[in-house]
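Q: Could we go through this model together? I would like to start with the helices.

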Amino acid sequence: MPNLPVRVLLVGSDQSDFVLLRDLLGNPASGSYDVYWASDHGKAMEYLAEGLCDICVLDAHQAEGNGLQLLSEMTIRRCKVPVLYLSAEADHEVDQEAMRAGAADFLVKKDLNGPLLERSIQHALTRHSAMEALRKNEEKYRELVEKASSVIMRLDSDGRIAFINEFAEVLFGYPSHELLGRNVLGTLIPPVDSE
């Protein structure tokens, strides 16, 4: 089965950045990439909502504000692809802000070259894939624990109830919100006279 090309979406108002990315990723030795361009937020959100790209390269400079605003919107809408944040200048504060907002990497245009861009894309895709697999496993585990036909409880080091599954709620006759944070002794287990 042939490898499908990685679909890269550039979001930015400057067509020259699209040409730059296309040229940097056009080297046949670097792999197979299809580069698309969305010059405005609406078009970008269409591409993302329809799953038409595997990774997004987001230019810091946008015609409709700055890239951090769009990055925040993408995070709020639970964007399903990793995002590389592309800036004209190196700026540690913006770099950190972009990473906190959900960017997988911060790239500076003047330092950009084919191998760096490809490495950043591959790293972001690999990390994203691993995080998705972890999230799915956590969902399966959570569902298994929640729906188990056994009492499953987690207590903190002081004996306070930190988690209780649905079966335990039904068995003990209390909803979890009434039990969380309370000590298991005296709540679900009667206190025993130490003598």
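Q: At what angle do the axes of helix H1 and helix H5 cross?
A: This is a predicted model, in which local features need pLDDT of at least 70, side-chain atom pairs count only at pLDDT 80 or more, and totals for chains, interfaces and linings use all residues. Residues are numbered from 1 along each chain as its sequence is written, and side-chain values use heavy atoms, without hydrogens and water. The axes of H1 (residues 15–25) and H5 (residues 114–147) cross at roughly 90° and come within 8 Å. H1 and H5 are therefore roughly perpendicular to each other (65 to 115 degrees). Helices (H or I, at least four residues) and strands (E, at least two) are DSSP runs, numbered from the N terminus.

Q: Which residues of H1 and H5 meet?
A: From H1, Leu21, Leu24 and Leu25 meet Gly114, Leu117 and Ile121 of H5; contact means heavy atoms within 4.5 Å. By class, this contact has five nonpolar, one polar and no charged residues, with Gly counted as polar.

Q: Is Leu24 buried or exposed?
A: Leu24 is buried, with a relative accessible area of 17%; buried means under 20% and exposed over 50%, partly exposed in between, with a 1.4 Å probe and protein chains only. Not counting residues up to four places away in sequence, Leu24 touches Leu112, Asn113, Gly114 and Leu117.

Q: And how far apart are Leu24 and Leu116 in space?
A: They are 9.5 Å apart, C-alpha to C-alpha, and 92 residues apart in sequence.

Q: Changing topic, which residues touch the most other members of the largest nonpolar core?
A: Val11, Leu48, Cys56, Leu58, Leu71, Met74 and Tyr85 do, in a core of 23 residues. Such a core is a set of buried Ala, Val, Leu, Ile, Met, Phe, Trp, Tyr and Cys residues joined through side-chain atoms within 4.5 Å. Among the elements that give two or more residues to this core are strand E1 (6–11), helix H2 (41–49) and helix H3 (67–76).

Q: What is Leu48 in contact with, leaving aside its neighbours within four places in sequence?
A: Leu48 is in contact with Leu9, Cys53, Cys56, Met74, Cys79 and Val81. A second, separate core of 19 residues includes Phe18, Val35, Leu107 and Ile121.

Q: Where does Asp59 lie, and which side chain does a polar contact join to it?
A: Asp59 lies in strand E3 and is buried, with a relative accessible area of 2%. Its side chain is joined to that of Lys109 by a polar contact of 3.2 Å (a pair of N or O atoms within 3.5 Å, one able to donate a hydrogen and the other to accept it within protein; residues adjacent in sequence count only if both atoms are side-chain atoms).

How values were computed: Axes fitted to C-alpha atoms, helices over the stretch in contact; angles between N-to-C directions. Parallel < 35°, antiparallel > 145°, perpendicular 65-115°, else oblique.
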